[in-house]
Amino acid sequence: MTLLILTGIGLMGQTKISGIVKDSSTDKEIYNLNVLMLETGEEVQTDRIGYFQFVDVPAGIYTIKISGIGYQSLEQTVQTDGQTPVDLGNLYVTFNPAGETVGIITLTDDELDADETSSQSSAGLLQSSQDVFDRTAAFELGAYWFKTRGYDNKYSDVFFNGVRMNKINNNRVNFGDWGGLNDVTRRPYEQTNGINPSEFAFGSVGGTTYIDTRPSLMRKGTSLAYSFTNRSYNQRVLATYNTGLMKNGWAIMGSFARRWAEEGVIEGTFYDSYAYYLGVEKKINNNHTITFTSFGAPTRRSTNSPNTQEIYDLMGKDYNAYWGWQDGEKRSERIRKFFEPVNLLTHYWTINSKSRLTTTVGYQFGKDSRSRLDWNHANNPSPIYYRNMPSYYESLADASPEVINMVYDRWRNDQTYSQLDWSDIYRQNYNRGNGGAAYVLAGDVNEDKIWSVSSIFKSELNENIKYTVGVNYQNTNSHLYREVIDLLGGHHFVNYDDFENVSYNTDEDPNRQVGEGDKYQYDYEIHHQLTNLFAQFDIAMGKFDLTMGAKLSNTNVYRFGNYRHEQYLDNSKGKSKTYDFWNFGTKAQVLYKMDGRNFIRFNTMYMTYAPTTDEIFPNARSNDYTVDENNFTQGGDNLKNSKVFSSDLSYVLRAPRVKGRATAYYTKFFNEFEKNFGYIDEGGGSSNLFAADYTYGIDKQFIGGELALEAQLTTTITLNAVASLGQFTYANNPTHQRFSDSRTFNELEGDLTTVGATAPQTTYLKNYRVATGPQQGYSLGLQYRDPKFWWVGFTANYLAANYLSPAPFRRTASIWGGGEPGDFPAGLAESFLQQEKFSDEFMLNVNIGKTFRIGKYFAGISASVNNVLDNRDYVTGGFEQIRVGSLQVLADNPAYSKIFGPKYWYDRGRSYFINAFFRF
């Protein structure tokens, strides 16, 4: 009895706030909008009839904020006495396709677990929204490396509290830096796709993601989750606790995750990752709030090898050349280990009811290491080294059938031959005694120290004109070097290039012994500064909405070498020339609201941008040469800004039971850069050389259309249909050079000399397809959602027009070696230059789930299965090897077309992801 009385007293002064959210133009209830109580940080979603409620609300005055992608936010102030339930009735929000992909979104757990470096990572990462096309491209087509409009990750910007996360070396984002922190990152504060305007940045052609880390904006309470999958990892646990905004003005949130697999779906791979997030927020008063955020994800994972078709035919499509047996355990040579924590201090200043200023200071640091075997005066230990392949022995005139059969047998039955032979590696090092080791496990390391400052001011001139002004500065110091991780039983290693017989550092003792943890081969720093200023105006003019934006930026870069390379005595050590790039951009959007259901939207943008540090210094490990500073440059400075022009035109339909969008788009990139590494056999007496295959002045054209339809067939059944038709091609014949430490042929002087680069020459790439995943994608889905909160969905996907990445060197005049097409066997040149098109493939996906609500407790379980039919013929990507340096080499060695054939990645087959959660 006493307990009941105390419980009743505790419940006094608490009540319920509820309401129904509807579309102002259709009077239809809206499902899955976010409803946030700003004072407590508690968040709920509208159900199938648009209903929401907050329970056990103490007496007080509260602000209810309703938001969702494609709708203008609505704030409603409500007061409760703590006893009488408050029914807000119908709350109407206005649909606005100008921001159709802007707002809080939900991303799949598997997508958020990817990182940019994985060759098999999800192309749909951070591309989901309530727009049916974008959602399907992310969750369905994106599972098979379909990229919306073919854009690379480097054309998308990701911000945490205004601090940009893109890396300076390639402009891509390493999502692994916060991998697993789904409760923090699954609902970005803003998400824009394509060139749609952003509230927080000028952006690029791939869109902008802005994540606000304030605990008060995230779900209050405790969340526990467990996942089981057969993808990169097998298991995941996630635990999150958020106090919400407390009466004393503090809000504290912590999240912890771990993902792991002793062995992944690919043999010889493993995954071991932890992640943490800490957010501390202090609301000083109604005008000032300060937030400190720290997050990171120490990760250690192995990778798998791309292979030629010969290897897949021998060993199957799960074959991985990077591991071998050691003492009864599988050991990989290719391990990536990184930990780059991010720390942010943010001040939110509400100046008045119309103006806000957000300022953030950020610091990110850490180490990213990628291991591989290195050797000195020893043979390549890789099992897929070309001299180990059956096709190599078949090409030898004196190879007997017995020898060839023996090689096939060893591949199929002897794992000391078909995998790395760690025992032999240790044996060879032991036999060297106190001499330099034959093999070591080396790490290519990048240590970044990044300081950032961002300030964004948002205000209104009047009720029809809003504007945003932002400035951000980023200073990056990247220290790059190679170190010895493991001597593998050897005594020491040497800092000497036995291939070219030169010293990597002439300033050090030539008898220096390199031990574990010591640097060798290369050691340099990249200093990079980026300053960016942007402004944007949003103008409402009756049926028309106009958004205009502009940006101005400056990039400042130089290299500082710590080694004096013997081949580049004057261009390797010390500070290089400083490269300074000024850039600008402008963009606009016009939205015509025909009525509350029909809209026309037009976007256009033109911008310039600086080359990345990898593009400025093609062979930065050895020297500071670039395309405008080596002795082969013809016609002046070739190191220029890249440019892009992009436009799209959309019709958007928002009828009560049907939603749709039709879009036509055109994008053209100018003066782009590409770089690959590999050996080239030029034949004719020229030596084999290892080179950076470097192409610049590249123009690319992306043109296509997008169609999407979502039809509510019944109150529980929804039909989705999506089609994406694209054509992504090289639009010109750019310039090609090879940057190499090998003694390369000087085409201007006609002799062999150590020059560091070949003469520029044209590569005939025009009209070749850009290898960026499937250029066409089609999806048809049917989903049933039961009123009792369970669902099941089926989606049929068709991927088409997927191409192999062409090697630019193959399309230069050098490939002819001075000969004519008639000098070679019939069809040889045509087959050599033909770009391979992969087969079109059909994929079936299924998802099912159920959620439960028991009082204040909320739980759920869901499962998704991709590639249900276990299609293993789908090639997700691949590239041409550049080893064959001329048609004469191929004519003399026909087997090279197989030995040095393209390398591919295949889809991993049927995959599943099962997730269970419990929240309170």
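This is a predicted model: local features need pLDDT of at least 70, side-chain atom pairs count only at pLDDT 80 or more; totals for chains, interfaces and linings use all residues.
## Aromatic rings in this model

Residues are numbered from 1 along each chain as its sequence is written, and side-chain values use heavy atoms, leaving out hydrogens and water.

How many aromatic pairs does a search of the whole structure find? The search finds 50. Rings of Phe, Tyr and Trp (its six-membered ring) pair if their centres lie within 6.5 Å; planes under 30 degrees apart are stacked, over 60 edge-to-face, and the rest tilted.

One of these pairs joins Trp-178 to Phe-295 edge-to-face, at 6.3 Å centre to centre and 85° between the planes. Trp-178 is in the loop between β9 (163–164) and α4 (182–185) and Phe-295 in strand β16 (residues 288–296), so this contact ties together parts 117 residues apart in sequence. Trp-178 is buried too, at 4% relative accessibility.

Tyr-319 and Trp-411 also pair edge-to-face, with ring centres 6.0 Å apart and planes at 65°. Tyr-319 is buried at 5%, and Trp-411 is buried at 0%.

Ring pairs also link Tyr-385, Tyr-386, Tyr-392, Tyr-393, Tyr-896 and Phe-900 into a cluster.

Finally, here are charges over rings (NZ of Lys or CZ of Arg within 6 Å of the ring centre and within 35 degrees of the ring normal).

| Charged residue | Ring | Distance to ring centre |
|---|---|---|
| Arg-334 | Tyr-322 | 4.4 Å |
| Arg-919 | Phe-917 | 4.3 Å |

Definitions and conventions: Helices (H or I, at least four residues) and strands (E, at least two) are DSSP runs, numbered from the N terminus. Buried means under 20% relative accessible area, exposed over 50%, partly exposed in between (1.4 Å probe, protein chains only).
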